[in-house]
6 protein chains.
Amino acid sequence: MKKIVTFGELMMRLATQNNERFGQARSLGLTYGGGEFNVAVSLANYGLNAQFVTRLPNNDLGKSALEEVNRFQVNADHILFGGDRLGVYFLEQGAGLRASSVVYDRANSALATVETNTFDWQTIFKNADWFHWSGVTPALSQTAADVTLEAIKVAKSMGVKISCDLNYRSKLWQYGKSPSEVMSELLAYSTVILGDIDTAYFMLGKEKVNPDYTATNELANLYKPLFEHCSNLDYVATSLRNSINTSHQRIGGILFDGAQLFTSKSYEVSYVVDRVGSGDAFMGGLIYGLNELPAQEAINFATAACVLKHTIPGDLNRVSVNEVEKLTTGGGDVQR
Amino acid sequence: MKKIVTFGELMMRLATQNNERFGQARSLGLTYGGGEFNVAVSLANYGLNAQFVTRLPNNDLGKSALEEVNRFQVNADHILFGGDRLGVYFLEQGAGLRASSVVYDRANSALATVETNTFDWQTIFKNADWFHWSGVTPALSQTAADVTLEAIKVAKSMGVKISCDLNYRSKLWQYGKSPSEVMSELLAYSTVILGDIDTAYFMLGKEKVNPDYTATNELANLYKPLFEHCSNLDYVATSLRNSINTSHQRIGGILFDGAQLFTSKSYEVSYVVDRVGSGDAFMGGLIYGLNELPAQEAINFATAACVLKHTIPGDLNRVSVNEVEKLTTGGGDVQR
Amino acid sequence: MKKIVTFGELMMRLATQNNERFGQARSLGLTYGGGEFNVAVSLANYGLNAQFVTRLPNNDLGKSALEEVNRFQVNADHILFGGDRLGVYFLEQGAGLRASSVVYDRANSALATVETNTFDWQTIFKNADWFHWSGVTPALSQTAADVTLEAIKVAKSMGVKISCDLNYRSKLWQYGKSPSEVMSELLAYSTVILGDIDTAYFMLGKEKVNPDYTATNELANLYKPLFEHCSNLDYVATSLRNSINTSHQRIGGILFDGAQLFTSKSYEVSYVVDRVGSGDAFMGGLIYGLNELPAQEAINFATAACVLKHTIPGDLNRVSVNEVEKLTTGGGDVQR
Amino acid sequence: MKKIVTFGELMMRLATQNNERFGQARSLGLTYGGGEFNVAVSLANYGLNAQFVTRLPNNDLGKSALEEVNRFQVNADHILFGGDRLGVYFLEQGAGLRASSVVYDRANSALATVETNTFDWQTIFKNADWFHWSGVTPALSQTAADVTLEAIKVAKSMGVKISCDLNYRSKLWQYGKSPSEVMSELLAYSTVILGDIDTAYFMLGKEKVNPDYTATNELANLYKPLFEHCSNLDYVATSLRNSINTSHQRIGGILFDGAQLFTSKSYEVSYVVDRVGSGDAFMGGLIYGLNELPAQEAINFATAACVLKHTIPGDLNRVSVNEVEKLTTGGGDVQR
Amino acid sequence: MKKIVTFGELMMRLATQNNERFGQARSLGLTYGGGEFNVAVSLANYGLNAQFVTRLPNNDLGKSALEEVNRFQVNADHILFGGDRLGVYFLEQGAGLRASSVVYDRANSALATVETNTFDWQTIFKNADWFHWSGVTPALSQTAADVTLEAIKVAKSMGVKISCDLNYRSKLWQYGKSPSEVMSELLAYSTVILGDIDTAYFMLGKEKVNPDYTATNELANLYKPLFEHCSNLDYVATSLRNSINTSHQRIGGILFDGAQLFTSKSYEVSYVVDRVGSGDAFMGGLIYGLNELPAQEAINFATAACVLKHTIPGDLNRVSVNEVEKLTTGGGDVQR
Amino acid sequence: MKKIVTFGELMMRLATQNNERFGQARSLGLTYGGGEFNVAVSLANYGLNAQFVTRLPNNDLGKSALEEVNRFQVNADHILFGGDRLGVYFLEQGAGLRASSVVYDRANSALATVETNTFDWQTIFKNADWFHWSGVTPALSQTAADVTLEAIKVAKSMGVKISCDLNYRSKLWQYGKSPSEVMSELLAYSTVILGDIDTAYFMLGKEKVNPDYTATNELANLYKPLFEHCSNLDYVATSLRNSINTSHQRIGGILFDGAQLFTSKSYEVSYVVDRVGSGDAFMGGLIYGLNELPAQEAINFATAACVLKHTIPGDLNRVSVNEVEKLTTGGGDVQR
């Protein structure tokens with residue numbers, strides 16, 4: 001059983017219900033989520049040995065968040081207690097032609113204020129096969145960026161493969177540095193990168209190119225700078241999402257190994273129950289796939305996992321390997 | 001007012017809410033349903049004299065189930081109390097590309113353990129015009145199969161028309177007999193059979209043929225063995241359902257009298273509120289139609305009733321004759 | 001900041017939840033709404049000085065309704081307390097091929113029983129730029145029709161522009177007069193009329209013509225009688241709605257100034273969260289647009305406002321100018 | 001099995017939930033109730049043949065109300081459809097030192113507007129043993145009072161026993177007559193009267209006397225005018241309720257046959273789940289008791305039934321004979 | 001109509017429901033509250049001209065909070081938008097022998113980071129009769145303390161009466177100053193102080209004395225230092241609360257004018273729906289009373305208002321003058 | 001950290017909400033519980049190394065139950081998948097003078113059908129300090145009794161202390177043996193027994209004696225047969241519960257070591273949120289206490305833990321050591 005470590009923030013998610021706008025809500029649905037945690041849950045659901053590393057505040061809210069980690073048999077041995085508050089995000093679920101909206105309230109969270117030399121990375125990465133992080137963590141604060149780099153370097157030194165989901169969030173990055181100042185160095189260690197070309201270019205400080213992902217021939221050229229910047233890079237992957245409206249998405253994915261392009265089939269996803277976490281579901285499916293399956297099946301698995309996430313409320317992709325694999329052959333009837 | 005008797009199990013239905021998966025549920029929606037009861041409720045809603053026969057446990061849950069029977073003015077005079085437990089089924093509602101899932105917990109239920117000579121069929125079928133049963137009841141246990149045969153024979157002897165919804169459920173049939181061993185004899189008495197050709201063939205012990213229901217010419221040949229096996233058979237009917245995904249169905253129906261094929265229009269059903277019970281809604285519409293309308297209108301009515309069921313939560317089709325008939329001319333605007 | 005006065009009934013709305021039919025409901029969602037109030041809330045949300053005039057019963061329900069008026073910063077200075085009861089409407093939300101259904105329970109409401117010389121229209125219209133009323137109010141009772149005429153005449157005498165949403169409701173008009181007997185005189189003062197041609201014709205006592213709204217050339221002719229009847233008429237507008245089913249609407253709009261036709265783009269609206277109040281959202285957008293924008297942008301704004309309403313539960317269109325304007329450029333992604 | 005007929009209004013009850021005040025409610029719990037219906041349900045639950053007579057509007061709300069009647073196996077054969085609207089009452093549940101509050105919205109209801117010669121009382125009272133009415137119905141309108149008298153006279157002529165729950169509601173009686181003008185005649189036919197002495201005096205047009213119900217000796221004198229006015233009177237009963245606060249009641253009861261006083265034990269009822277309908281629960285218990293038990297046991301049963309009602313949400317007393325009888329010997333432990 | 005200004009933080013309150021602990025919650029009830037806002041709502045409910053001053057973040061959450069201010073007709077003209085986040089507090093409702101628990105998450109809120117010269121106090125206090133603040137605001141941050149002093153000084157200079165609720169919260173005061181360093185100066189301007197003697201002593205830097213509030217004679221001595229420190233002090237008031245358990249409180253109050261002690265009756269409050277905000281309800285009742293009633297009636301009113309708050313969910317005391325006054329004469333019966 | 005093993009059934013609990021009776025419920029609250037699991041969760045919450053052993057069905061319901069075990073960091077390494085169904089119990093929550101009611105539906109559950117030689121007890125008890133079982137498991141079936149004996153013998157052979165909660169449930173024991181036939185042998189190995197004297201006598205086949213637990217002198221005599229039967233018995237404990245009504249309990253506890261009696265203080269518990277699991281909370285507190293505290297403090301801790309359980313919905317006692325200990329010094333105020 002492969003051991004995969006993910007590192008990031010675990011937040012309380014407070015979401016409006018029954019299509020209400022924020023001003024209508026008299027109660028908010030409470031779950032817990034965060035990109036890298038979401039990935040860890042996917043991996044645990046697929047039977048891998050997933051470990052999640054974070055810092056939670058030592059209060060009732062932090063402890064409640066920890067219960068959710070335990071629930072999914074994600075290893076929590078290196079989750080520390082400390083800091084002042086649990087990061088929160090408020091989600092207003094959209095529908096039809098009204099977009100969903102997120103209000104982040106994660107400044108000064110337990111993870112945003114963590115400092116280097118807090119986590120015991122040597123122990124954490126012992127026997128680990130893979131380390132996953134995302135562009136959200138270095139976007140939180142300088143110290144969070146520092147700790148991310150610290151983790152990456154130890155992982156690298158111990159021969160652990162490293163994946164990054166670029167995950168650019170414009171509402172973060174409030175601490176005075178631009179993404180390219182920070183991400184460029186962090187990305188250089190990557191084995192696998194998930195993200196579209198323009199986000200990758202943006203994080204490397206390059207100009208946008210508005211790539212055409214159906215133009216297979218050009219993609220090799222466009223990805224080239226990424227492979228050059230990241231000397232260990234095995235794969236780049238991108239989910240291809242076409243938003244017809246909030247309730248109707250068209251979803252596919254591609255995987256590129258520097259030479260060959262693997263393309264999954266495209267799905268009509270309608271209606272959408274909850275889109276948040278679907279990128280993490282893709283990432284979780286991809287890590288599983290790249291560890292357990294051939295490349296073509298890996299991208300198929302990642303895309304199907306992403307599709308299924310749209311049918312499940314909350315951040316987490318509560319699906320099994322079997323369910324993801326079954327999607328490729330259809331589905332939709334009551335099982336009885 | 002025609003008197004129609006249906007016989008089968010009435011279960012507690014416990015369904016996840018708000019698109020939750022089983023592992024997320026902190027409450028379950030509680031309703032009551034079961035194929036033959038669902039048919040009886042449809043018929044009562046259409047103004048017929050519907051009688052439902054079953055056995056319920058003599059505890060608070062059985063009594064609560066009985067309240068639901070009364071509520072719809074379905075005659076409950078021959079519902080008996082006895083046995084150990086109320087059958088339960090757990091329903092996880094799917095959405096989009098995630099299928100719904102049922103966990104049956106109906107073994108050793110009050111009906112599954114009922115024995116012959118329990119119900120007073122002579123009295124039950126007095127003045128009855130029609131008896132409806134389905135392939136679910138003989139799938140429960142040997143004794144349930146025996147009691148079904150007992151009922152059918154009495155009905156036949158009293159000149160009552162007999163309809164069967166084949167309703168094959170692979171998760172049932174756990175008591176050691178194959179469907180064809182049991183159903184073949186039971187079906188022989190039928191006046192009307194609802195089911196697709198391959199299920200019928202399977203229950204007669206014949207090989208599957210994957211029929212093309214648009215090839216009208218072939219259908220007469222394919223249905224022939226059914227008409228031969230069932231000497232009193234007036235009609236076979238099939239709902240034609242194409243599942244785009246869990247939330248989007250395409251629904252039509254055909255009715256065949258051994259010579260002429262009657263085809264209803266096809267409906268796009270999106271989005272689907274609750275698909276469970278839609279086959280029973282079709283059956284209920286069909287029995288109403290075959291008793292009150294010409295054949296073409298009967299299949300139109302059955303299909304429209306089935307379509308409307310998809311918009312109503314729970315097993316039961318809470319619609320009137322007027323509402324079903326209105327569907328053929330459109331609808332969709334607020335009535336005010 | 002333009003001052004817009006609207007006058008009409010504010011009702012308690014009691015709606016089934018989770019797609020339930022009336023007979024299934026064990027609780028009803030409680031909000032407050034009414035066509036002219038809904039328009040006032042839209043206008044307040046867009047930053048205009050909206051004033052709503054009505055009469056509410058002096059009991060806990062009337063006071064709760066008033067809280068909703070205050071909530072949206074709609075001016076309530078001329079809302080009076082009196083009469084016996086709050087009007088109520090019960091809403092059964094439809095889905096897919098099942099239409100929504102409204103049961104009105106507004107007879108003898110505080111507004112329906114109001115008499116002339118109750119409201120101080122001279123003070124109400126002081127500094128007002130616009131007065132909006134709809135065909136619902138004169139449909140309630142003779143006295144409500146009388147008070148509407150009273151208001152219109154004062155508005156006219158004070159140079160206030162007057163808009164009317166024809167809003168024909170066949171379940172109202174129970175007091176012995178036909179719509180054309182009453183509406184013909186009331187409409188004559190209008191600056192702006194919202195409604196389709198046949199409803200307008202019906203209210204002027206003319207025969208239906210089933211106009212083709214895509215036949216631009218003909219429209220001028222068809223609208224001519226309206227402009228002749230209403231000597232101050234600047235614009236007629238119509239929302240163009242095509243109901244695929246209850247959950248899927250196609251929505252556009254046109255605005256005609258007697259000479260030039262302005263047509264908005266058409267939107268696919270799927271799925272529909274709540275259609276009630278979407279006409280009022282159109283009206284609210286139109287009044288805003290005609291006060292603040294060129295004609296083409298006004299109809300674009302009205303149509304987009306109407307579209308967004310379909311995504312929001314309740315009667316009220318909780319959207320900002322910014323959100324309406326953004327719809328024209330797309331949307332549908334999570335904002336984070 | 002004794003046949004008991006009750007006659008009165010069946011209303012939709014809309015109650016605030018979770019201790020909310022009206023202004024806080026965003027949904028209201030929907031049940032159905034009405035004094036005489038509540039009594040009928042109690043009697044059906046106790047195994048008697050209960051028949052409820054009323055008029056309901058012929059719309060979805062009236063039909064939903066009828067489902068509730070059927071649910072409890074109360075005979076609905078003489079419930080008519082007609083009139084304009086279903087009576088509604090809004091309930092704000094109190095707690096601790098905040099009283100509950102009711103807003104009636106029952107003017108012009110289907111029952112309030114019913115006229116004489118509508119119900120077929122001869123058929124209704126065929127084989128009936130008992131007729132129950134209450135002071136609420138004649139309080140609705142002159143015609144409702146007339147129909148009540150009509151029913152009473154037929155019942156009397158057919159030898160049916162007649163009980164009345166005085167049930168004075170100061171918010172009713174709005175049609176121009178005082179209670180004593182109307183009730184005096186109606187009460188004269190009574191076999192059993194439920195109500196305190198001062199309410200009875202008030203309805204006979206006599207002055208209040210503030211009786212001391214523990215002064216057994218005086219009670220005979222105080223009840224004397226009642227026995228004189230009602231020549232057939234067998235019993236008067238009064239529930240003795242001491243409201244410590246909304247959540248804590250002290251409850252007992254007395255029954256007087258003109259000579260002997262029967263007193264039940266007194267119960268501490270804390271906390272109170274729902275007090276509405278507890279008087280009807282007392283009445284239902286009393287009618288059952290006077291038909292099936294000796295007088296002392298009858299008052300014991302009525303009081304215990306009243307006590308149990310306080311633990312059950314809604315108007316209806318969902319208890320069995322067995323449960324009421326068990327209360328006298330204790331209770332409070334989980335039954336498992 | 002007296003004009004009363006209150007100043008403080010308005011927070012989002014997220015409370016567990018149905019007696020759940022934090023770890024069990026899957027949704028949280030959302031309301032808005034804050035001590036000084038709660039007081040303003042009480043005063044508006046009592047018909048006074050209440051103005052609330054605060055700063056809210058310019059996002060959807062801040063705007064939703066503002067809707068609540070408007071709802072209650074509290075004047076919001078001087079509520080500013082700015083800062084980064086809305087303060088939040090999480091409430092776990094206790095029951096019986098389990099205490100309620102609050103997790104504050106209000107650091108760096110829009111109000112905590114406000115600076116002097118932000119609010120236009122001269123305009124705010126124009127025509128004002130009273131200014132109310134509490135010990136919570138200076139506990140938030142140095143700048144919040146500074147702004148409080150700024151407000152107090154302007155109020156004083158304009159002849160506005162000043163009340164303070166001492167409201168010591170040990171979980172606040174995290175910015176490096178002790179309460180006595182800050183509060184001593186602020187309190188000196190007070191006309192009315194609400195709080196127990198030991199809290200007052202603590203804020204003046206004096207030792208605790210554990211006073212016996214029934215020893216009327218001693219109280220004059222004990223209050224003396226307070227009157228000496230605050231040269232304008234007219235009254236000190238204290239609510240006397242005895243917590244039998246979380247669900248059962250005993251509540252009274254005293255008011256002292258430096259010479260005479262006014263004592264209200266004591267109430268048993270059981271069960272408690274929601275205790276949060278009951279101190280603010282006392283304060284609101286006291287300000288109303290001191291402005292409109294004689295001293296004895298003022299303390300009676302304050303205590304009864306406090307008692308009623310325990311029956312209402314949320315921070316706000318949704319009661320009228322009439323309801324508070326009625327409590328003194330009893331209550332507890334359904335009003336119908 | 002002491003290792004404590006518990007063995008028993010984990011059931012789905014489906015409970016009515018908001019004081020509803022079974023017949024009123026339209027949804028049921030879903031949690032998971034079972035006496036021995038409840039004890040394990042208490043112990044894990046207190047920081048001990050708790051391991052729970054059971055068998056769950058290999059379906060979605062069994063897996064959801066397992067998530068709950070993981071959530072609380074109870075070791076699940078020896079939970080097996082197998083058997084046909086998850087045991088279920090339906091709970092109707094009582095209130096005031098209406099008792100709660102349980103409908104068990106646990107026949108043929110995964111645990112009831114487990115056979116000997118299924119669990120690897122040698123490994124399970126490795127390094128274990130304590131084994132806890134209850135009288136519920138041998139009441140399920142002969143095989144469950146056999147497996148219990150198997151476990152006890154291995155535990156005994158490995159020097160593990162053994163506690164039993166007698167937990168007599170009259171609705172179980174349906175497989176043909178009387179409790180004394182089975183329990184007598186099982187109990188003989190006990191180190192600690194929880195239960196009242198009469199239940200213990202009943203399980204040893206002795207006559208009831210109705211002991212007076214306040215008569216300290218007699219208790220030694222009464223407990224003597226138990227100490228004689230169980231040669232390793234260190235302690236017997238009994239919770240002393242006086243049920244004023246369902247919502248009001250009086251709770252204390254005693255612990256007896258064969259010579260000395262330790263008595264905890266008695267608590268008034270009002271109102272009761274959820275009584276189910278309070279005996280398990282007592283047991284969990286007792287095991288913790290006997291492992292970590294002197295005898296007097298142990299019984300104090302057990303009683304306080306039991307008291308707190310009454311305030312928490314669900315079977316599980318979600319409290320910490322700190323919270324239990326704090327109860328002895330009071331509580332009831334909001335913590336802020």
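Analyst: Angles here run from 0 to 180 degrees between N-to-C directions, the axes being lines fitted to C-alpha atoms. In this predicted model, helix α2 (residues 60–71) of chain F runs at about 60° to β3(F), and this helix lies across β7 and β8 of chain B together with β2 and β3 of chain F.

User: What makes β8 of chain B and β8 of chain F the edges of the sheet?

Analyst: The order is β8(B)-β7(B)-β2(B)-β3(B)-β3(F)-β2(F)-β7(F)-β8(F), an open sheet of eight strands with mixed pairing. β8 of chain B and β8 of chain F each have a single partner strand, so one side of each is left without a neighbour in the sheet. From one strand to the next, the twist averages 30°.

User: How do you know that β2 and β7 of chain F are paired?

Analyst: Pairing requires at least two bridges, and four bridges join β2 (residues 11–15) to β7 (residues 88–92) of chain F, the two strands running parallel. Within chain F, F:Ala15 stands opposite F:Leu91 in β7(F).

User: Why is the contact of C:Arg21 with B:Glu323 called a salt bridge?

Analyst: The rule asks for a side-chain nitrogen of Lys or Arg within 4 Å of a carboxyl oxygen of Asp or Glu; the closest N and O atoms of C:Arg21 and B:Glu323 are 2.7 Å apart, so the pair qualifies. The rule finds one salt bridge across the interface of chain C and chain B.

User: How much area do chain C and chain B bury between them?

Analyst: They bury about 2100 Å², 51% of it on carbon and sulfur atoms. C:Arg21, C:Gln24 and C:Leu97 supply 28% of the area that chain C buries against chain B, more than any other three residues.

Key. Residues are numbered from 1 along each chain as its sequence is written. Chains are lettered from A and ligands numbered from 1 in the order in which they are written. This is a predicted model: local features need pLDDT of at least 70, side-chain atom pairs count only at pLDDT 80 or more; totals for chains, interfaces and linings use all residues. Side-chain values use heavy atoms; hydrogens and water are left out. Buried area is the accessible area (1.4 Å probe) that two parts lose on being put together, summed over both. Contact means heavy atoms within 4.5 Å.
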